[in-house]
Amino acid sequence: MRSRTAIWFECKIRYEKVMEDGLQKKVNESYVVDALSFSEAEERIIEEMSSYISGEFDVADIKKAAYKEIFFSDDEMADKWYKAKLQFITIDEKTEKEKRSSVNYLVQAGSFNGAVKNIDEVMGGTMIDYVIASVSETPLMDVFEYAKTKKEDKPEYEQQ
C-alpha cells in the first residue's frame with residue numbers, strides 16, 4: 001500500500017466502444033488524473049486515453065475531485081476504486097469535548113472489505129484516532145498519476 005497526495009481531477013470521456021457482441025455503443029467512462037489546473041487535466045486525459053481508444057473521443061466533463069489523497073494497492077485483484085469518508089477525532093482542550101473532522105479519500109481495492117482493510121493498513125501506521133464514516137464504490141475506471149518525462153540534460157547547441 002502506498003498513498004499519494006496531489007490535486008486530482010475527475011474526467012469523463014465519451015466515445016464509441018465496441019462491445020463483446022460486436023456492436024458499437026456510445027459510453028461514458030470516468031478517470032482521475034493528477035494535474036495543477038483544468039487545462040492541464042484535459043491535456044493529460046487526452047494524452048493518456050489516446051493510447052487506449054482508437055477513434056474519436058470527447059472530454060465530456062472535468063471537475064476537481066473531493067479528495068486530495070489516494071491509497072494505491074499493490075494487489076493485482078484490486079481493480080475497483082472506493083470513496084472513503086474518514087472522521088478524525090480530536091479533543092478540544094478548552095471544552096474537553098470530542099470534535100470530529102471529515103476527510104475524503106480514494107481507495108483502490110478488489111472488494112468493499114478489501115477497501116476497509118487498505119484504509120486500516122494505511123491509517124494504522126498513524127497516531128490519529130479515526131472512524132470510517134462511509135465507504136462506497138465509484139464508477140472510476142482508472143487513476144493516472146503524473147510521471148516526470150526524462151529530458152536531455154545537454155543544451156541543444158552542444159555537438160555530440
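This is a short tour of the structure above, stop by stop, with what to select and what you will find there.

**Before you start**

You are looking at a predicted model, in which local features need pLDDT of at least 70 and side-chain atom pairs count only at pLDDT 80 or more, while totals for chains, interfaces and linings use all residues. Numbering runs from 1 along each chain as its sequence is written, and side-chain values use heavy atoms, with hydrogens and water left out.

**Stop 1: helix α1**

Select residues 38-50, which form helix α1. Helices (H or I, at least four residues) and strands (E, at least two) are DSSP runs, numbered from the N terminus. This helix has 13 residues and reaches 18 Å from its first C-alpha to its last, close to the 18 Å expected at 1.5 Å a residue; the expected span is 1.5 Å times one less than the number of residues.

Now show the side chains of Ala41, Arg44, Ile45, Glu48 and Met49, the buried residues of α1. Here buried means under 20% relative accessible area, exposed over 50%, and partly exposed in between (1.4 Å probe, protein chains only). Turn the view to look down the axis of α1: the buried residues fall within an arc of 120 degrees, so they line one face of the helix. The arc is that of the directions from the helix axis to the C-beta atoms. On the face turned away from the buried side of α1, pick out the exposed residues Ser39, Glu43 and Glu47.

What do the buried residues of α1 pack against? Colour β2 (8-18), β3 (24-34), β4 (57-64) and β9 (140-144) to see their partners. Contact means heavy atoms within 4.5 Å.

**Stop 2: the second largest pocket**

Next, select Tyr15, Glu16, Glu29, Tyr31, Met49, Tyr52, Ile53, Ser54, Met141, Asp142 and Phe144, which line the second largest pocket.

Pockets are found on a 1 Å grid over the protein atoms alone: a pocket is an open set of points where a 1.4 Å probe fits, with protein on both sides within 12 Å along at least five of seven lines, and lining residues have an atom within 4 Å of a point.

Colour the lining by class and you will see seven nonpolar, one polar and three charged residues. Ala, Val, Leu, Ile, Met, Phe, Trp, Tyr, Cys and Pro count as nonpolar, Asp, Glu, Lys and Arg as charged, and the others, Gly among them, as polar.

**Stop 3: valine 143**

Stay on strand β9 and select valine 143. At 9% relative accessibility, valine 143 counts as buried. Leaving aside neighbours within four places in sequence, valine 143 is in contact with Trp8, Val32, Ile70, Phe72, Trp81 and Leu106.

**Stop 4: helix α2**

Move to residues 112-123, helix α2. Its twelve residues should span 16 Å at 1.5 Å a residue, and the end C-alpha atoms are 17 Å apart, which agrees. Show Gly114, Ala115, Asn118, Ile119 and Met123, the buried residues of α2. Viewed down the axis of α2, they fall within an arc of 155 degrees, so they line one face of the helix. The face turned away from them carries the exposed residues Asn113 and Lys117. Covering the buried residues of α2 are, among others, β5 (69-72), β6 (80-91), β7 (98-109) and β8 (129-137).

**Stop 5: valine 107**

Not counting residues up to four places away in sequence, valine 107 touches Phe71, Lys80, Trp81, Tyr82, Ala84, Ala115, Asn118 and Ile119. Ala115, Asn118 and Ile119 are among the buried residues of α2.

**Stop 6: three loops**

- Glutamate 96 sits in the loop between β6 and β7. Its phi is near 55 degrees, a positive value in a residue other than glycine, and at 65% relative accessibility it counts as exposed.
- Alanine 66 is in the loop between β4 and β5 and is exposed, with a relative accessible area of 51%. Alanine 66 touches Lys83 and Asn104, not counting residues up to four places away in sequence.
- Aspartate 74 lies in the loop between β5 and β6 and is exposed, at 61% relative accessible area. Draw a C-alpha to C-alpha distance to valine 18: the two are 56 residues apart in sequence and 30 Å apart in space.
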